[in-house]
Amino acid sequence: MIVRPATEADAEALAAIYADAVLNGFGTFETVPPDAAWMETRRRDIQGLGLPFVVAEADGRVLGYAYAGPFRPRPGYRYTVEDSVYVAPEAKGRGVGRAVLSKVLEACEAAGMRQVVAVIGDSRNAGSIGLHRALGFVDAGVGRSFGYKLGRWVDIVWMQKALNGGDSLPPDAPGLRLSGG
């Protein structure tokens, strides 16, 4: 398995992996899977900000992906990103999530980010919660019944990981270029 930056050629595979999460899981609160063009726009936008969007590939097949996006659009959040991780159903439990999220965390640290936030759909999502804990994330809270999907109310689990000393010292990098007021 190799982990590499996602490219335009990966759009169909990204859309297929995400479609499974949309239709069958609680990791996202979307209910209609976006198409490959939407995924390509998302990838291009993320990478255009200088943030990582990576895929894990084996035998020419994309097994999963992860990226970090701006946490919120306001400039005060320019040192905080939110991660997203999705793994193809047949590749779950094989280290794909750990491989792609580890690469995203390394890139965020290199970019001078100070906090990475995980907003995990479903407090029963032991796989994602365990992955984030294994990579040093700590619990930051639970939002009870924030969404309704597939016939039930769904919590969100907030986790976070400090990078580059977190809040122990002032930033030494410019952070993300965000334009919100």
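**View 1. Which residues does A66 touch, not counting residues up to four places away in sequence?** The answer is P52, F53, V54, S84, V85, V100, L101 and V104, where touching, or contact, means heavy atoms within 4.5 Å. This is a predicted model, in which local features need pLDDT of at least 70 and side-chain atom pairs count only at pLDDT 80 or more, while totals for chains, interfaces and linings use all residues. Residues are numbered from 1 along each chain as its sequence is written, and side-chain values use heavy atoms, with hydrogens and water left out. A66 sits in strand β3 (residues 61-70); helices (H or I, at least four residues) and strands (E, at least two) are DSSP runs, numbered from the N terminus. Its relative accessibility is 0%, so A66 counts as buried. The classes here are buried for under 20% relative accessible area, exposed for over 50%, and partly exposed in between (1.4 Å probe, protein chains only). One of the contacts, F53, is 13 residues from A66 in sequence, with 5.9 Å between the two C-alpha atoms.

**View 2. Here are two residues of strand β4, T80 and V87.** The strand covers residues 80-87. T80 is buried at a relative accessible area of 15%, and V87 is buried too, at 16% relative accessibility. Leaving aside neighbours within four places in sequence, T80 is in contact with P70, F71, M113, Q115, V117 and L176. For V87, not counting residues up to four places away in sequence, the residues touched are I17, L63, G64, K92, V96 and G97.

**View 3. E40 and R44 pair within a helix.** Their side chains form a salt bridge, with 3.5 Å from N to O. The rule asks for a side-chain nitrogen of Lys or Arg within 4 Å of a carboxyl oxygen of Asp or Glu, and by this rule the count comes to nine salt bridges. Side chains of opposite charge can pair when their charged atoms come close. Where do the two partners lie relative to each other? They are four residues apart in helix α2 (residues 36-48), so about one helical turn separates them. E40 is buried, with a relative accessible area of 9%, whereas R44 is partly exposed at 45%.

View 4. D172 is exposed, at 68% relative accessibility, while R114 is buried, with a relative accessible area of 6%.

**View 5. R152 meets D122 in a salt bridge.** The N to O distance for this pair is 2.8 Å. R152 belongs to strand β7 and D122 to the loop between β5 and α4 (126-134), so the bridge ties together parts that are 30 residues apart in sequence. Both R152 and D122 are buried. Elsewhere, R4, D10 and E57 are linked in a network of salt bridges.

**View 6. Helices α1 and α2 pack at an angle of about 105 degrees.** Helix α1 covers residues 11-24, and the two axes are 8 Å apart. Axes are lines fitted to C-alpha atoms, for helices over the stretch in contact, and angles run from 0 to 180 degrees between N-to-C directions. That angle makes α1 roughly perpendicular to α2; the classes are roughly parallel under 35 degrees, roughly antiparallel over 145, roughly perpendicular from 65 to 115, and oblique for the rest. A11, E12, L14, A15 and Y18 of α1 meet A36, W38, M39 and E40 of α2. By class, this contact has seven nonpolar, no polar and two charged residues. Ala, Val, Leu, Ile, Met, Phe, Trp, Tyr, Cys and Pro count as nonpolar, Asp, Glu, Lys and Arg as charged, and the others, Gly among them, as polar.

**View 7. The axes of α3 and α4 cross at roughly 45 degrees.** These axes come within 10 Å, and the two helices are oblique to each other. G97, R98 and L101 of α3 make the contact with L131, H132 and A134 of α4. By class, there are three nonpolar, two polar and one charged residues.
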